[in-house]
Amino acid sequence: MLQSLTSNSCVRLIESHKSTWYFLFLVLGYILYLIFGAVVFSSVELPYEDLLRQELRTIKKQFLQENQCLSEERLEEFLEKALEASNYGVSILNNASANWNWDFTSSLFFASTVLSTTGYGHTAPLSDGGKAFCIVYSVIGIPFTLLFLTAVVQRIMIFSTRRPVMYVSTRWGLSKPLVAVVHATLLAILAASCFFLIPAAIFSSLEENWNFLESIYFCFISLSTIGLGDYVPGESFNQRFRQLYKVGITVYLLLGLVVMLVVLETFCELQQLKTLRKMFYLKKEKPQDRLAILEHDHLSFTSVSHQANSTSLKEDKTKDVPFVSVPVLASPGGDDPMIN
């Protein structure tokens with residue numbers, strides 16, 4: 001008997017806090033996914049890093065043996081300066097000396113990556129004034145960019161998602177959730193073709209050292225605003241039409257970001273995903289429930305006040321009634337036998 005009561009209480013506890021348990025499982029799953037990614041990246045990339053370190057040590061040792069007049073300390077100092085400049089996008093190599101990082105088109109490209117929070121990191125402000133302006137520019141520009149993208153995506157969603165889904169569902173009498181799923185799938189395929197596959201083919205043909213996989217990798221890293229900066233277009237030696245190329249890449253990034261947001265918003269409006277998201281949310285008190293509670297409280301208060309008023313009226317009436325009741329005598333000649 002006690003065991004059955006305990007099991008029933010546990011079931012009721014779980015049912016009453018279902019969203020909390022779902023949320024805890026979500027947090028646990030996210031942590032496990034992070035650990036899984038760390039294990040895979042470490043097992044795949046660590047051997048390549050070790051191989052590169054050994055290769056660099058071998059080249060450095062060979063260089064010092066061939067140039068015994070140069071000390072290791074001077075070489076370390078030179079390499080430190082060169083690597084520090086490379087972190088700011090300035091290279092001492094002859095094949096990179098013709099490319100300027102802060103001409104107008106490159107600055108326009110940098111501004112777009114800052115405001116879209118992509119941030120490749122291949123170029124960074126060198127002066128203190130540039131760093132201070134970058135802070136102020138980003139503080140104002142990033143919320144402005146979010147407002148701009150939200151307004152653009154909201155207008156595009158009306159013509160690209162909501163009206164077509166409603167038209168097909170009404171015209172052909174199909175289920176609206178089914179039409180929304182098919183539409184979202186077709187929209188995702190179209191976006192992947194126009195902003196991943198076709199641009200990747202273009203980048204692989206324009207960039208000498210990029211293959212098709214590296215081009216798709218750049219498109220995904222850029223449009224997802226990850227922006228690792230290991231692949232940046234337009235930085236190769238003697239790039240043809242570099243100014244126009246940089247402007248075209250800037251336009252591509254902005255348009256691609258808008259399209260990715262439209263696709264994500266389309267998927268977020270699917271009824272299946274809404275149901276899935278509600279599993280992890282805290283339940284909100286509905287306006288009808290609040291109205292019912294207010295009406296119940298009002299009725300309770302009204303009944304209490306009516307009871308209080310009736311009680312007070314009764315008390316007032318009893319105050320006017322004398323404590324000793326005086327009998328009323330019948331008139332003479334009546335039928336009362338006592339008087340007769």
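Ring pairs join Phe109, Tyr120, Phe195, Phe203, Trp210, Tyr217, Phe218, Tyr231 and Tyr252 into a cluster, where rings of Phe, Tyr and Trp (its six-membered ring) pair if their centres lie within 6.5 Å. The model is predicted, so local features need pLDDT of at least 70 and side-chain atom pairs count only at pLDDT 80 or more, while totals for chains, interfaces and linings use all residues. Residues are numbered from 1 along each chain as its sequence is written, and side-chain values use heavy atoms, with hydrogens and water left out.

A search of the whole structure finds 13 aromatic pairs. Two of the pairs are set out below, with planes under 30 degrees apart counting as stacked, over 60 as edge-to-face and the rest as tilted.

| Pair | Centre distance | Plane angle | Class |
|---|---|---|---|
| Phe109 and Tyr120 | 5.7 Å | 15 degrees | stacked |
| Tyr217 and Tyr231 | 5.7 Å | 80 degrees | edge-to-face |

Phenylalanine 109 is buried at a relative accessible area of 1%, and tyrosine 120 is likewise buried at 4%; buried means under 20% relative accessible area, exposed over 50% and partly exposed in between (1.4 Å probe, protein chains only). Tyrosine 217, by contrast, is partly exposed with a relative accessible area of 31%, and tyrosine 231 is partly exposed at 22%.

Lysine 246 lies over the face of phenylalanine 109, at 4.5 Å from the ring centre, a charge being placed over a ring if NZ of Lys or CZ of Arg is within 6 Å of the ring centre and within 35 degrees of the ring normal.
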